[in-house]
Amino acid sequence: MKVNFTETVLRDANQSLIATRLPIEKFEGILGTMDKAGYYSVECWGGATFDSCLRFLNEDPWERLRKIKAAMPNTKLQMLLRGQNLLGYKHYPDDVVRKFVERSVANGIDIIRIFDALNDMRNIEVAVDETIKQGAMASGAISYTTSPVHTLKNFVEVGKTMKKMGCATICIKDMAGVMGPQEAYDLVSALKSEVGLPVVLHTHCTTGLAYMTVLKAVEAGVDVVDSATSTFSGGTSQPATETLAYALRQLGYEVDLDADVLKQVNDFFKPVFADFVKSGTLKAKSLSTDTNALSYKVPGGMLSNLLSQLEQQNALDRLEEVLTETPKVREDLGYPPLVTPMSQMVGVQATSNVLYGKYVNVGKEVKAYLRGEYGRAPGKVNEELKKKVLGDEEPITCRFADTLEPAFEKTKAQLAGVAKNDEDVLSYIAFPQVAERFFDARREKEEKKVKYTIEKVED
Ligand code: CO
């Protein structure tokens with residue numbers, strides 16, 4: 001049996017360990033070698049990389065993608081897309097979602113992994129549809145979490161819906177690293193037999209379960225696993241590519257990776273890693289194992305947010321109460337998975353409940369969630385709470401994007417003279433202020449260049 005690998009160093013490992021601060025100059029030199037490694041795909045775009053390029057790296061994310069494509073013509077390039085939220089946290093109208101997918105594929109993306117934090121399939125259908133129309137592969141990703149309503153049966157239903165939409169593969173996306181080996185075995189087996197599409201496993205080493213989880217997933221017949229070159233593996237990142245390849249080969253599985261090339265790739269990233277340690281961007285904490293997500297059922301990142309909130313309020317001694325309140329708030333909200341932005345929403349509300357009384361203050365995000373702006377809650381929402389928060393206001397029952405006006409052409413007209421192409425317009429729609437600053441900086445740089453050229457001519 002063959003196991004395929006998706007290398008994540010350019011996207012998820014970069015995002016999880018060094019806050020997505022990897023500029024293209026630091027990895028451009030290895031792309032040609034990576035192209036020969038034998039990866040099933042390289043996850044290199046989407047997620048937080050887009051925002052980070054514009055906000056921190058002064059890089060055009062679209063140009064980054066084109067450069068990667070040019071240097072890796074033989075490898076499938078993959079991106080992560082948050083369904084109707086694209087790469088941010090608010091919902092965009094359908095015309096923007098379609099245009100974004102179209103330009104992503106046109107600039108070099110081959111596989112789009114599409115998910116919705118609530119597993120509300122209405123929030124991924126437009127992105128999936130457009131991905132297929134553009135000739136790329138749509139991979140439907142199930143947001144994995146544990147709760148009384150997140151059952152095997154439920155996940156299989158999500159998988160079946162994704163298949164009906166035209167997804168070519170089903171990915172299990174365990175963003176908090178909480179999926180245990182037995183759960184992986186059961187879920188992969190169920191998806192393989194009942195959905196009948198190739199299954200991809202995405203997990204994180206955060207809680208220390210990942211290697212065992214991957215192994216049991218492989219035993220259950222998983223087709224693709226996500227991993228990171230060893231230097232950028234472990235901790236909050238993925239398990240190591242070389243280690244998994246070594247162990248799986250020993251167990252008799254077919255692995256198409258070239259060990260020499262993998263070594264070259266890893267050797268290249270060692271000094272890069274060292275630079276980020278030196279600058280303090282890479283924190284020791286990100287590399288250790290944190291089992292809090294298993295005992296408290298809150299992901300590691302959420303726990304540190306809770307701690308800093310309590311610290312600000314001078315109430316660190318109330319942590320145990322907040323940790324007891326957190327699952328109650330989650331239950332009241334119908335068990336949303338504790339990922340961004342739901343983890344912040346639940347955490348802030350639990351803290352407020354403990355410090356100021358139960359639902360005395362209700363955040364505006366919680367209100368929007370109860371109104372149905374994020375989609376359908378996975379389980380039953382506490383009706384009393386809903387009534388109290390919404391009053392006479394009617395919740396939205398349709399897909400939230402159906403309430404949004406088309407925005408692409410209008411924004412394009414507004415940006416006449418500023419945006420150079422449709423990609424610029426999309427960057428602006430996704431992150432207006434950040435994109436504006438980026439455009440200004442780019443113009444300044446170009447004006448300097450022009451001046452320099454003129455002076456040279458006069459010489
Ligand atoms: Co991830």
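How many Å apart do the C-alpha centres of domain 1 and domain 3 lie? Here are some notes to read alongside the structure.

1. The centres in question lie 31 Å apart. Their contact (heavy atoms within 4.5 Å) draws 16 residues from domain 1 and 15 residues from domain 3. Please keep in mind that this is a predicted model, where local features need pLDDT of at least 70 and side-chain atom pairs count only at pLDDT 80 or more, while totals for chains, interfaces and linings use all residues. Residues are numbered from 1 along each chain as its sequence is written, and side-chain values use heavy atoms, with hydrogens and water left out.

2. The chain is divided into domain 1 (4-279), domain 2 (292-401) and domain 3 (408-458); these bounds come from an automatic or database domain assignment.

3. Between domain 1 and domain 3, about 1,600 Å² is buried, and carbon and sulfur atoms give 66% of that area. Buried area here is the accessible area (1.4 Å probe) that two parts lose on being put together, summed over both.

4. Two salt bridges link domain 1 and domain 3, a salt bridge being a side-chain nitrogen of Lys or Arg within 4 Å of a carboxyl oxygen of Asp or Glu. R103 forms a salt bridge with E423, and their closest N and O atoms are 3.0 Å apart.

5. Which helix gives the most to the side of domain 1 that touches domain 3? It is α5, with five residues. Both α3 (49-57) and α5 (94-106) supply at least two residues to that side; helices here are DSSP runs (H or I, at least four residues), numbered from the N terminus. The residues on this side of domain 1 comprise seven nonpolar, two polar and seven charged. In this count, Ala, Val, Leu, Ile, Met, Phe, Trp, Tyr, Cys and Pro are nonpolar, Asp, Glu, Lys and Arg are charged, and the others, Gly among them, are polar.

6. Helix α3 also packs against α4 (residues 61-71), at an angle of about 115 degrees and with axes 8 Å apart. Axes are lines fitted to C-alpha atoms, for helices over the stretch in contact, and angles run from 0 to 180 degrees between N-to-C directions. F50, C53, L54 and L57 of α3 meet P61, W62 and R64 of α4. By class, that contact has six nonpolar residues, no polar ones and one charged.

7. The whole structure holds 32 salt bridges.
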